[in-house]
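User: Please take a close look at one helix-helix packing in this model and at the aromatic ring pairs. I would like a connected account of the geometry and of the residues involved.

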Amino acid sequence: TEIFSGKAVTHEDIKYEQACVLYNLGALHSMLGAMDKRVSEECAAGAFTYLRDHFPHSYSVDMSHQILSLNINLMLGQAQECLLEKSMLDNRKSFLVARISAQVVDYYKEACRALENSETASLLGKIQKDWKKLVQMKIYYFAAVAHLHMGKQAEEQQKFGERVIYFQSALDKLNEAIKLAKGQPETVQEALRFTMDVIGGKYNSAKKDNDFIYHEAVPALDTLQSVKGAPLVKALPVNPTDPAVTGPDIFAKLVPMAAHEASSLYSEEKAKLLRDVMAKIEAKNEVLDQFMDSMQLDPETVDNLDMYNHIPPVLMEKCAALSVRPDTVRNLVQSMQVLSGVFTDVEASLKEIRDLLEEDEAQERKLQELLGRVPPAPASPPGLAEVSKECSKYLELHEKASFTNTELHRAMNLHLGNLRLLGGPLEQVRAALPTPSLSEDDKQVLQNLKRILAKVQEMRDQRLSLEQQLREMIQKDDITTSLVTTDRSEMKKLFEEQLKKYDQLKVYLEQNLAAQENVLKALTDANVKYAAVRKALAEVEHKWNTTVQTLVASYEAYEDLMKKSQEGKDFYTDLEGKAAKLLERARAACQASEAHRQQLLESPEGPGAPPEPPAAPPASSSSSLELLASLTPEAFSLDASLKGKQRMNKQNFLQAQPGEGLRAPRPSDDPLSMLDPLWTLNKA
């Protein structure tokens with residue numbers, strides 16, 4: 001059916017069918033270009049060009065030479081429009097944009113000439129006038145765009161007179177385009193109004209500047225050099241036999257059954273060849289895999305010497321974390337010093353309490369030796385038994401916490417050096433990590449092993465590549481066309497000839513498989529020489545990993561040390577308060593006990609004896625032994641069992657034997673794993 005007249009057209013010619021397909025292909029590309037990004041306009045022009053140059057023009061009106069030329073120029077003009085739009089968006093140079101726009105004008109002028117042809121006018125009928133009016137409108141519009149950018153070019157060159165004439169010409173051509181655009185869609189009218197605002201503003205500004213500032217002569221437009229178009233698009237060639245254009249052959253499957261059967265037999269021959277080759281490859285691969293597993297040689301880790309030239313990322317992360325906290329070590333040391341101070345204060349308080357109790361006990365024993373008996377103490381003063389019980393309880397807690405405190409100090413001493421190292425310069429951290437020292441012979445052995453391992457990997461890769469080539473070649477091998485034209489009796493001979501194409505690949509694979517034995521032998525010899533170097537590298541790597549783990553563990557132990565130190569300070573602060581209260585109670589109890597002993601020494605001995613009048617208080621603070629020394633032997637008699645005993649005086653009665661200190665000597669170091677969080681014991 002003709003597109004313009006709507007008449008049905010029929011021709012008994014296969015070329016007409018082909019021409020219709022090409023025409024529809026060009027129309028489809030033009031529609032895709034209009035719907036999408038208009039990148040298909042060149043393809044549409046190519047289809048119309050091939051149709052115009054290779055097919056008769058007498059089939060129908062829409063396939064005539066004039067109509068096809070019109071379509072070609074319209075497609076090329078629209079494609080050039082796309083480039084013009086992109087150039088303007090990319091802010092290309094004004095002169096280049098002007099040339100691209102001028103070429104759009106040239107394409108549309110060719111299309112307009114085709115429309116003005118009398119033959120075309122008669123073929124198109126009523127739509128010829130509408131098309132001509134639209135094309136002329138585009139000619140004036142893009143001519144205005146070209147002169148607008150020529151004016152910008154003149155402005156850049158400071159040719160202000162030329163700028164005025166170009167802008168004036170652009171304004172005149174745009175006015176003509178607006179006259180021809182009557183009846184066009186609103187989008188076209190809006191584009192024209194926008195362009196008028198731009199060109200009108202440019203013209204008014206240029207004219208005012210030239211009239212009042214530059215005063216350059218405005219030349220006539222005819223005297224200026226015309227703008228030559230820059231054709232940046234072309235009709236893309238179309239090949240009707242190209243599957244990318246026409247798609248797959250719809251008659252490809254129309255093959256005789258005998259050819260299908262022969263093709264199946266040939267496929268079996270190819271499969272048999274592939275099975276034979278793959279059996280050899282798999283056998284060699286199995287031997288190679290077992291050998292490499294027994295060697296335990298990883299090409300990526302054989303030469304890991306580069307590892308020792310850099311600080312590992314995990315260690316760099318810890319160093320970076322400590323670099324932003326420069327007071328880490330100082331805070332830890334200060335925290336432990338505060339803990340030690342509180343610990344010492346608590347220990348002194350408990351020691352003083354114990355000394356008071358021991359002194360009181362010693363005085364009681366001495367009084368018993370003097371008197372031979374000890375009357376019970378009055379009930380009013382606080383009892384020493386309760387104080388002694390609480391003191392024992394606090395001493396037990398102190399002893400347990402003392403062990404934890406000692407372990408905490410050991411852990412701190414263990415990690416303090418590592419924390420200082422991590423917080424110092426990176427060069428010191430790198431120097432602290434062990435590095436291997438290899439002789440020249442050792443390096444030569446290592447390089448030789450690496451070279452042979454590279455050969456092994458190269459052999460594997462080559463084998464895999466050849467295998468893939470063989471599979472792809474077999475998969476793509478289709479001799480159906482030859483089978484259709486070959487007699488059944490010649491099939492076997494044809495198969496043999498076709499299978500010869502695989503001989504070259506088979507030779508390469510056999511050479512690869514044969515080389516495996518020599519490569520493995522060389523690898524065995526190299527591995528024997530590598531044994532000593534391997535052992536040395538393994539030891540260094542173990543030390544390196546251990547050092548890194550130790551440094552990381554020290555960093556991670558910092559927070560735990562600070563936490564436990566704070567818990568220790570809280571525990572000892574609480575214990576210090578309780579020990580201070582207990583010390584006051586102990587002092588009060590000891591004073592009451594001392595007063596009781598003094599009362600006993602001042603009273604006469606013997607049951608039922610009348611009490612002596614109270615003595616006047618001494619002028620100075622004296623002990624009970626001074627009062628005892630003032631008594632006469634008649635008033636105070638000793639038991640016979642006490643004769644021969646050493647006479648007690650004030651000095652040896654008051655001075656109790658000093659007890660051993662509570663603080664045992666501390667060991668030097670112990671790992672952090674020995675810590676026992678005793679701070680959580682009942683502090684009541």
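Analyst: The account below begins with the chain, goes on to the helix packing and ends with the aromatic pairs.

The model is a predicted one. Its chain comes to 21 helices and zero strands. Of the 684 residues of the chain, 38% count as buried. Among the contacts between residues at least 6 apart in sequence, 84% join residues at least 24 apart.

Two packed helices are described by the angle between their axes and by the distance between the axes. For helix H3, residues 65-89, and helix H6, residues 127-156, the angle is about 30° and the axes are 13 Å apart. Angles under 35 degrees count as roughly parallel, and H3 and H6 are therefore roughly parallel to each other. The crossing of H3 and H6 is left-handed. On the H3 side, the contact is made by Leu-70, Leu-74, Glu-81, Leu-84 and Met-88. H6 contributes Trp-131, Val-135, Lys-138, Phe-142 and His-149 to this contact. Sorted by class, the contact of H3 with H6 has seven nonpolar residues, one polar residue and two charged residues.

Phe-142 is buried, because its relative accessible area of 7% falls under the 20% cut-off. A pair of aromatic rings is described by the distance of the centres and the angle of the planes. With centres required to lie within 6.5 Å, the count comes to four aromatic pairs. In one of them, the rings of Tyr-141 and Phe-142 have centres 5.2 Å apart and planes at 80°. Planes over 60 degrees apart count as edge-to-face, so the pair of Tyr-141 and Phe-142 is edge-to-face. Tyr-141 and Phe-142 also form one aromatic cluster together with Tyr-108.

Another pair is made by Tyr-266 and Phe-495, whose ring centres lie 5.4 Å apart with the planes at 40°, so this pair is tilted. Tyr-266 lies in helix H10, residues 257-295, and Phe-495 lies in helix H18, residues 491-499. The pair therefore ties together parts that are 229 residues apart in sequence. Tyr-266 is buried, with a relative accessible area of 1%, and Phe-495 is buried as well, with a relative accessible area of 9%.

Methods: Residues are numbered from 1 along each chain as its sequence is written. This is a predicted model: local features need pLDDT of at least 70, side-chain atom pairs count only at pLDDT 80 or more; totals for chains, interfaces and linings use all residues. Side-chain values use heavy atoms; hydrogens and water are left out. Axes are lines fitted to C-alpha atoms, for helices over the stretch in contact, and angles run from 0 to 180 degrees between N-to-C directions. Helices (H or I, at least four residues) and strands (E, at least two) are DSSP runs, numbered from the N terminus. Angles under 35 degrees count as roughly parallel, over 145 as roughly antiparallel, 65 to 115 as roughly perpendicular and the rest as oblique. A crossing is left-handed if the near helix is turned anticlockwise from the far one by less than a right angle, and right-handed if clockwise. Contact means heavy atoms within 4.5 Å. Ala, Val, Leu, Ile, Met, Phe, Trp, Tyr, Cys and Pro count as nonpolar, Asp, Glu, Lys and Arg as charged, and the others, Gly among them, as polar. Rings of Phe, Tyr and Trp (its six-membered ring) pair if their centres lie within 6.5 Å; planes under 30 degrees apart count as stacked, over 60 as edge-to-face and the rest as tilted. Buried means under 20% relative accessible area, exposed over 50%, partly exposed in between (1.4 Å probe, protein chains only).
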